[in-house]
Amino acid sequence: MFRTRALSSLQLLRGALFPCARPGLVHAQCPCARPGLVHALGGPARRYRVEQRSYWQALRRRLLGPPEPPYRRPCLVGTPVLRAVPADQVRGPEVQRLVHALVAALRRADAVGLSAPQLGVALRVLVLEVPERVLEAENARVREARDMVAVPLRVIVNPRIRVVDPRPVLLPEACHSLPGIAACVARHRAVEVTGLDEQGQPLRWTVSGWTARILQHEVDHLDGRLFIDLMDSRTFQNLRWQEALERASW
Ligand code: CO
C-alpha cells in the first residue's frame, strides 16, 4: 500500500517536474490531439515526443496551458487545422479579433499573406500585404519576372475566386507553415476575388501577377490545400541545401 502511494507521489512529482516525460501527455494536451492520419497510425515515436520540448518549455506549458488560437505565429504543416475546410459566412466580433491577430502575425513573420487556419482558426479569412521594402529587397529582374507590385493591407472574409486570365505562370513559392522549403507552382495569371472586407462590406478586386499568386495561395489555405499539393515536385528544394552542404564538408 505504502509502496503504491509512494510510487504514485513519485510519479506525480516527476510528472510535475517533467511533464513531457509522461507517455502520451504531450499528445493528450496538444492542440493537434485530434483524429488524423499520423495519430491513427500511432503518432511519432515516443523518443521524439519526449524530446520535442525543453524542460522550461514543458514547465511553461504546464503553468500556462497549451497555446490557444489565434496563435502568434503560423502553425506548421502537420497541424490538422491546415487541412480543414472552414465553413463560409463569418461575421461577428470574433472576426475583428482574428483580423487583428492575423495582421500582427503577418507583420511579425514578415510575410506577404496569411490565412486564419495558419493561426489555428478554421475560418475563411485572409490578409495580404506587399510593402515597398519587400520589392526593394528583390532585384529589378526578379521583380519584373514575377510581376511584383506593392499592395496595401487587404483583409478578405469569405473570398471567392474567379479566373480572369487562365494562362499558367510557373514560379517558386514558399509558405510560413512549411519553413525552409520552396517549389514551383503553376498559378493563373489573373483572378478576381469577391468577398467581404473587415467591416463586412462587399468587395471585388481583380489582381494579376505576384498578387494573384499570393491570393490563390491564401485561398488554397482556406480549402485545406498547401502549395506542396500543387507543386512541380522536381523543383522542390530545401532552401538551406547550400548551408547544409558546407556544414557537411567541415
Ligand atoms: Co502559406
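In strand E4 (181-196), leucine 196 is the bridge partner of valine 157. The partner strand E3 (151-173) runs antiparallel to E4, and twelve bridges join the two; strands count as paired if DSSP finds at least two bridges between them. Helices (H or I, at least four residues) and strands (E, at least two) are DSSP runs, numbered from the N terminus. The model is predicted: local features need pLDDT of at least 70, side-chain atom pairs count only at pLDDT 80 or more, and totals for chains, interfaces and linings use all residues. Residues are numbered from 1 along each chain as its sequence is written.

E4 also pairs with strand E5 (residues 202-208), in an antiparallel arrangement with seven bridges. Within this pairing, tryptophan 205 of E5 is the bridge partner of valine 193. Five residues lie between the strands in the hairpin of E4 and E5, where glycine 200 adopts a positive phi near 85°. A further antiparallel pairing, over two bridges, links E4 to strand E6 (residues 237-238). There, glutamine 237 in E6 stands opposite alanine 182.

The exposure classes are defined by the number of other C-beta atoms, placed from the backbone, within 10 Å of a residue's own: 20 or more for buried, 12 or fewer for exposed, and partly exposed in between. The C-alpha atoms of arginine 167 and alanine 186 are separated by 9.3 Å, with the two residues 19 apart along the chain. Asparagine 158 is likewise placed in E3, and its phi is near 55°, a positive value in a residue other than glycine. With 19 other C-beta atoms within 10 Å, asparagine 158 is partly exposed.

The loop between E3 and E4 contains serine 177. This residue counts as buried because it has 20 C-beta neighbours inside 10 Å. Apart from neighbours within four places in sequence, serine 177 is in contact with Pro74, Cys75, Leu76, Val77, Leu82 and Gln118, a contact being a pair of residues whose C-beta atoms, placed from the backbone, lie within 7 Å. Glycine 78, 99 residues from serine 177 in sequence, is 9.0 Å away in space, C-alpha to C-alpha.

Helix H6 (residues 93-108) comprises 16 residues and extends 23 Å from its first C-alpha to its last, close to the 22 Å expected at 1.5 Å a residue; the expected span is 1.5 Å times one less than the number of residues. Its buried residues are Val95, Leu98, Val99, Ala101, Leu102, Ala105 and Leu106. These residues pack against strand E1 (113-115), strand E2 (125-130) and E3. In the loop between H6 and E1 lies aspartate 110, whose phi, near 55°, is positive in a residue other than glycine. Most residues other than glycine have a negative phi, and most peptide bonds are trans. Aspartate 110 is exposed, with 11 other C-beta atoms within 10 Å. The peptide bond from proline 69 to proline 70 is cis, with omega near 0°.

The largest nonpolar core has 32 residues, of which Leu98, Leu102, Val125, Leu126 and Leu215 touch the most other members. Such a core is a set of buried Ala, Val, Leu, Ile, Met, Phe, Trp, Tyr and Cys residues joined through C-beta atoms within 7 Å. At least two residues of this core come from each of H6, E2, E3, E4 and helix H9 (209-222). The contribution of H6, seven residues, is the most to this core. For leucine 215, the contacts beyond four places in sequence are with Leu128, Val191, Val193 and Val207.

Overall, the protein has ten helices and six strands. Of its 250 residues, 26% count as buried. Among contacts with a separation of 6 or more, 69% are between residues 24 or more positions apart.

Note on methods:
Contact = placed C-beta atoms within 7 Å.
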